[in-house]
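Dear colleague,

Here is the structure I promised to pass on to you. Please open it beside this message, and then read on for what was found in it.

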Amino acid sequence: MLPCNKGKQLEQFTEAAGKPVKIVGVPKAEILSQITTFGMKADLGTAIFIASSAFSLKKTWNGEPYITHCLFVADLNNEQLTDEEKTIGVLHDLIEDTDWDYADLKNIGFSDYVIEGVRALTKDKESGEKYFDGMRRCSHNPIGRFFKRRDNKHNMDLTRSARMATAKQKYHYHISATYHKAVDQGVITAGTSLWKFLKMKQFSELLTAENFPLVLAETSEPAPNWALRRFATEIAGRKMAGLAAHA
């Protein structure tokens with residue numbers, strides 16, 4: 001482990017892309033210094049070193065060390081994956097959740113394949129990318145789809161905790177995992193409209209009156225008339241029922 005300050009002393013803020021980003025582990029400068037000092041190569045081992053250090057203070061939604069999520073997504077025991085592909089899985093949250101950027105990975109020596117794989121899995125915060133827009137973008141990258149499905153699977157596994165599921169766990173991750181699986185199986189093409197996907201008979205039950213407003217808020221695609229007609233009546237009915245119950 002890196003020699004560094006303890007506990008709360010690492011919980012500081014830094015400027016990245018003009019916005020404050022909370023450091024959730026060993027500061028980037030210290031990690032980069034160690035990589036340079038020891039001549040570490042841009043490989044899977046270094047990726048694990050970076051992720052375990054950068055996320056050393058961060059916990060998963062159920063309280064586990066965050067590196068356990070990175071390693072689950074990377075599927076390290078999968079012999080069909082190359083080390084380069086596993087590297088993408090290990091680093092899939094690094095850019096989105098810390099002050100690291102793609103230039104850092106490039107300077108260390110990681111390949112364009114790794115960097116583009118990580119990019120496919122990373123929300124574009126600068127553009128204000130919404131969740132389902134990112135899902136559609138990621139679907140164009142085959143290895144990105146593989147790791148996004150594992151990411152979704154791990155994040156929506158409610159057996160990991162007795163906590164109540166969040167909206168993302170109940171809806172967003174389920175829709176995303178199903179969408180990417182549909183692309184892998186050739187049922188839809190990469191980048192297919194979210195609404196076109198949700199209108200298909202085999203996937204139509206993914207969209208409900210309960211989650212429709214939440215899904216709508218996480219896509220830049222305007223809701224089509226069929227969805228508005230389908231759910232406007234149900235949502236209005238629920239509101240009226242609620243008013244009647246409190247009368």
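Among contacts between residues at least 6 apart in sequence, 60% join residues that are at least 24 apart; please keep in mind, as you read this and everything below, that the model is predicted. The chain has 13 helices and 2 strands, and buried residues make up 47% of its 247 residues. Its accessible surface comes to about 13,100 Å², and 54% of that surface belongs to carbon and sulfur atoms.

The buried residues in α2 are Leu44, Thr46, Ala47, Phe49, Ile50, Ala51, Ser53 and Ala54. What covers them includes α1 (28-37), α3 (66-74), α4 (83-90), α5 (94-97) and α6 (102-108). If you turn to the start of α2, you will find that a side-chain oxygen of Asp43 reaches to within 3.3 Å of the backbone nitrogen of Gly45.

Asp75 has a positive phi of about 55 degrees, although it is not a glycine. Most residues other than glycine have a negative phi. Is Asp75 buried or exposed? Asp75 counts as buried because its relative accessibility is 17%, and buried means under 20%.

Conventions:
Residues numbered from 1 in each chain as written. Predicted model: local features only at pLDDT ≥ 70, side-chain atom pairs only at ≥ 80, totals over all residues. Heavy atoms only, no water. Buried < 20%, exposed > 50% of the residue type's maximum accessible area, 1.4 Å probe, protein only. Helix = DSSP H or I, 4+ residues; strand = E, 2+ residues; numbered from the N terminus. Contact = heavy atoms within 4.5 Å. Polar contact = N/O pair within 3.5 Å; in protein donor to acceptor, adjacent residues only side chain to side chain. Areas by Shrake-Rupley, 256 points an atom, 1.4 Å probe, with all protein chains shown as cover.
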